[in-house]
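This report covers part of the fold of one chain. Please look over the sequence and the structure before reading on.

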Amino acid sequence: MLSTFLKQPIGQERLVSSLVTKRFYGGLNDNNRIFTNLYGDYDSSVTGAMKRGDWQQTKNIISKGKEWIISEIKKSGIRGRGGAGFPTGLKWSFMPKNDPRPSYLVINADEGEPGTCKDRQILLNDPQKLVEGCLLSGYALGAKASYIYVRGEFKKEIASLQSAIDQAYEHNLIGKNACGSGYDFDIHVHPGAGAYVCGEETALIESLEGSTGKPRIKPPFPPQFGLWGCPTNVNNVETISSCPTILRRGSSWYNSFGRKNNHGTKIFSISGHVNNPCVVEEEMSIPLKTLIEKHAGGVRGGWDNLLAVIPGGSSCPVLPKNICDNVLMDYDDLEKNNSSFGTGAIIVMDKSTDIIKSIARLSKFYAHESCGQCTPCREGTIWVKSLMDKIVEGKGTKKDLKLLESLITAVKGNTICALGDAAVLPIEGLLRHFRKEVELRLID
Amino acid sequence: MLSLCQNKIKQSVSTKLSCRLFTSLLETEKVPFDFTQDNYEKVENILSKYPTEQKRSAIIPLLHLAQDQEGYVPESAMMKIASIVACPVSKVFETFTFYTMFRPKPVGDHVIEICTNLSCTLRGADQVLNAIQDKLGIKIGETTKDNKFTLLEVECQGACATAPVVVIDGNYYEDVEVKSINSILRDFARDVVPKSGTQSKRNGPEPIGGKTTLKSEPWAQKIREDL
């Protein structure tokens, strides 16, 4: 038993006296990867996808029944991969039973969170996973059809997805009597038109209905009142695309990865000041340092040249190097460190970065993307942007800093949707970890 | 009366953008518009995706279709779309004004959209933007005198691992550097469409130093026994 432990790649972990090592997260093998055509090296058509294991035993999965599918997804522990991290099986169980209205599954492919570029790879190179995922998830939800809302800029991705859907229809995998299961299910692609706020589920539904993308007040939530007033479940591309493999290989297989409450695998997008920016699928709870050094070639200039990392997309508070040294990439550890997992989009900044200017650029983004519906966000994001610009230019005062801090309180939790929170959280992170740098930039 | 309205609008606290938008829209009301025969087939295809009583869901796809056909969306196109989906013109106008992809007036032959959000800036988007501005002699929001290029600044385009990203006529050009953008612009100036995607030695967002995962062809994995 001791020799078995000693053979484990324990890295910096130490063998404790009880001969139990800390579990090492992040050694995912290719045979446990879900998205095996992530880089598009292989045939993305339905034939190629079937060779890689897609559409195997789909009819048998459907014949297991809705309750079984929902139970498996719950047991797998998968949490929404679109940023909110809500347990997917639980979200599905919110759909009403015995409702006379038709139900819909809506897929959120409005990938707009700065730093995030993972769903794009699925749409381009592994779209059959999403198509099969829509069928199986839609069946579990009792949905009549699925609408995949893809951001309008993704023209190539929309074409790739439409081709995948057309092929699935031709092969009788979806449509009438999908896979010979007796279940009828349609899938449609719907384009967005350049609005980050449409990534919010109710804004997305509004946009799907032909309106402006202004979020609805919740409750009621989409399972009670969604698309065209019908029960709707809105899920991320990666979440739904993972479902067929989870159902085929077993919830316990998926559950074996990652820490408790943070299970499974994740596609990480790594950008910024690394030697090899990339997209990679890895195990949940992998240490951030391991992820960057193993797959992204490390921080440029070496790990000690690291200044800060935004760990989950622009809406997540920034983390300074000393936290990045040890933090794990999962929901719980990042929350413990006053940040969040978000979409797993890692933006790395080295010591050459003007951190205040970087966060100010994000403030500009949120001010631009605010839908304008509620006052704290509409006015707050503009104020945050102008105050940050003032500070970046070296014209900010102590009074401006105090106003900026008060804006965080005024906006956070007081808006119709999370865009308001997302706009002030980067400022919160900046002031928590880089307050000295900000104060040095003030004129008084 | 019209000039009085226009002056009042200019004096109001509306943003510069909505002033330009409104006055330019008034000019495009009378621009003749109808979908081409081929595009009418696409109109039918679009409408068939939604329940018959929910035609308004087709507004955004139809606005895209009109813009692909004309290069921008004249107000006359919005009126046509309103009649197709059977809703007030104001509804189509409201939706049109909300989304950043829709253009209210004609643009150059080629539209250059450069992302200046964080991941792209960290990888050198500022240098690429300066190179574009120097080469074409225009700033963001402007069109070259020969109407060849319009330069726009956009937010995150969803390709951050292959930043910097420049989108030209809807095509993504990634891993762009000063050298590659100059070559791309030279091609477009001759109305040649250069190969889109990454402008580096990698094919997509795999690590440029070599893949660390999926190095060999994947195969179907063992399925659970109770299926």
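The model is predicted.

**The sheet**

Chain B has an open sheet of five strands, arranged in the order E2-E1-E3-E4-E5, with mixed pairing. Strand E2 (149–154) and strand E5 (197–198) of chain B lie at the edges, and each of them pairs on one side only.

Strand E3 (residues 166–168) of chain B pairs with E4(B) in the antiparallel sense, over three bridges. Val166(B) has Tyr173(B) in E4(B) as its bridge partner. The hairpin of E3(B) and E4(B) has two residues between the strands, and in this hairpin Asp169(B) takes a positive phi near 55 degrees.

Strand E4 (residues 171–174) of chain B also pairs with E5(B), in the parallel sense and over two bridges. Tyr173(B) has Gly197(B) in E5(B) as its bridge partner, and for Glu174(B) the bridge partner in E5(B) is Thr198(B). Between E4(B) and E5(B) the chain runs through helix H9 (residues 178–189) of chain B, and this β-α-β crossover is left-handed.

**The helix contacts**

Helix H6 (residues 89–98) of chain B crosses H5(B) and also H4(B). The axis values are tabulated here.

| Helix pair | Axes come within | Crossing angle |
|---|---|---|
| H5(B) and H6(B) | 8 Å | roughly 120 degrees |
| H4(B) and H6(B) | 10 Å | roughly 75 degrees |

For helix H5 (residues 75–85) of chain B, the crossing angle with H6(B) is roughly 120 degrees. H5(B) and H6(B) are therefore oblique to each other, and H5(B) passes H6(B) in a right-handed crossing. On H5(B) the contact is made by Met78(B), Met79(B), Ile81(B) and Ala82(B), and on H6(B) by Val89(B), Val92(B), Phe93(B) and Phe96(B). By class, this contact of H5(B) with H6(B) has eight nonpolar, no polar and no charged residues.

For helix H4 (residues 59–70) of chain B, the axis crosses that of H6(B) at roughly 75 degrees. Angles of 65 to 115 degrees count as roughly perpendicular, so H4(B) is roughly perpendicular to H6(B). H4(B) contributes Ile59(B), Ile60(B) and Leu63(B) to the contact, while H6(B) contributes Lys91(B), Val92(B), Thr95(B) and Phe96(B). By class, the contact of H4(B) with H6(B) has five nonpolar, one polar and one charged residues.

Val92(B) and Phe96(B) of H6(B) take part in the contact with H5(B) and in the contact with H4(B).

How values were computed
Residues are numbered from 1 along each chain as its sequence is written. Chains are lettered from A and ligands numbered from 1 in the order in which they are written. This is a predicted model: local features need pLDDT of at least 70, side-chain atom pairs count only at pLDDT 80 or more; totals for chains, interfaces and linings use all residues. Side-chain values use heavy atoms; hydrogens and water are left out. Two strands pair if DSSP finds at least two bridges between them. Helices (H or I, at least four residues) and strands (E, at least two) are DSSP runs, numbered from the N terminus. Axes are lines fitted to C-alpha atoms, for helices over the stretch in contact, and angles run from 0 to 180 degrees between N-to-C directions. Angles under 35 degrees count as roughly parallel, over 145 as roughly antiparallel, 65 to 115 as roughly perpendicular and the rest as oblique. A crossing is left-handed if the near helix is turned anticlockwise from the far one by less than a right angle, and right-handed if clockwise. Contact means heavy atoms within 4.5 Å. Ala, Val, Leu, Ile, Met, Phe, Trp, Tyr, Cys and Pro count as nonpolar, Asp, Glu, Lys and Arg as charged, and the others, Gly among them, as polar. A crossover is right-handed if, with the strands pointing away from the viewer, the path from the first strand over the helix to the second runs clockwise.
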